[in-house]
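Subject: Structure handover and notes

Dear colleague,

Please find the structure below, followed by my notes on what was found in it. I would be glad if you read the two side by side.

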Amino acid sequence: RYDPSGTRLCSGSLDTNVVVWDVVSQSGLVRLMGHKGPINDCLFLKSANVLITASKDTYIKLWCLNSQHCFETLTNGRDEVWGITTCNDETRLVAGSNNPELRVWSLNTRSELGKRKGEDKPVQCELLGPLVKKSKERVSGLSVVGNVLFCQNNDTTVDLFKIRTEEEKVKQWYQRRVRGRRLRCTEKRQQKRGIIKNP
């Protein structure tokens, strides 16, 4: 994949190495070694000089291109990682493997968070949880267009997930709370009328 400026290209292969290329001079800039399996996917972050790589060794690595070292390793359990992508605002990292779940991490590029924890990391990561796909086949590609996450599977199907904003999350929480109150009030009225018996 290319970086946001289009001047650098990252590539990975069966030799487990990741190479960052200068497109203008057509020469290699950095060779990153650390994975133990073939590289399946890689991407640059816009908000930091960071490269994220995914491999069949079940690991996702975050590399600082300034110092050329791996500062964070994320595990996908026992499953090979076949695709990665980020949301448009780069606050979420999504990884797909050969099982029906996509794993989601939060990404925080604010250096203040790392300073408070005494860590010198350009990006902070935290596992949020899984997204369950309909397809049982492995992921062959992930991409985000607008507020929709597209997950292409090896069986030629595509799973779509809507990415909600914070306002939409609050609105949905409020609607659930109101529905819960209405349901409880209805049950109380039915109990008074004898329609529903108390256990």
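R138 is partly exposed, with a relative accessible area of 24%, where buried means under 20% relative accessible area, exposed over 50% and partly exposed in between, with a 1.4 Å probe and protein chains only. This is a predicted model, in which local features need pLDDT of at least 70 and side-chain atom pairs count only at pLDDT 80 or more, while totals for chains, interfaces and linings use all residues. Residues are numbered from 1 along each chain as its sequence is written, and side-chain values use heavy atoms, with hydrogens and water left out.

R138 is placed in the loop between β11 and β12 (139–145); helices (H or I, at least four residues) and strands (E, at least two) are DSSP runs numbered from the N terminus. Leaving aside neighbours within four places in sequence, R138 is in contact (heavy atoms within 4.5 Å) with W82, S97, N98, Q152, N153 and N154. R138 and P100, although 38 residues apart in sequence, are 7.4 Å apart in space, C-alpha to C-alpha.

Turning to the strands, β8, β9, β10 and β11 form, in that order, an open sheet with antiparallel pairing, two strands being paired if DSSP finds at least two bridges between them. Because β8 (83–86) and β11 (124–132) stand at the edges with a single partner strand each, one side of each is left without a neighbour in the sheet. Within this sheet, β9 (residues 92–96) and β10 (residues 101–108) pair over five bridges, and R92 has S106 in β10 as its bridge partner.

Strand β4 (residues 39–44) is largely enclosed by the rest of the structure, because five of its six residues are buried. Strands β4 and β5 run antiparallel and are joined by five bridges, with a hairpin of five residues leading from β4 to β5; D41 stands opposite A54 in β5.

Finally, the structure holds three salt bridges, each a side-chain nitrogen of Lys or Arg within 4 Å of a carboxyl oxygen of Asp or Glu. In one of them the side chains of D41 and R1 meet at 3.0 Å, N to O, linking distant parts of the chain, since D41 is in strand β4 and R1 in the segment before β1 (8–12), 40 residues apart. D41 counts as buried at 13% relative accessibility, whereas R1, at 37%, counts as partly exposed. R8 forms a salt bridge with D3, the closest N and O atoms being 3.1 Å apart; here R8 is partly exposed at 22% and D3 is buried at 7%. E72 forms a salt bridge with K121, with the closest N and O atoms 2.9 Å apart. E72 lies in strand β7 and K121 in the loop between α1 (111–116) and β11, so this pair ties together parts that are 49 residues apart in sequence.

With best wishes
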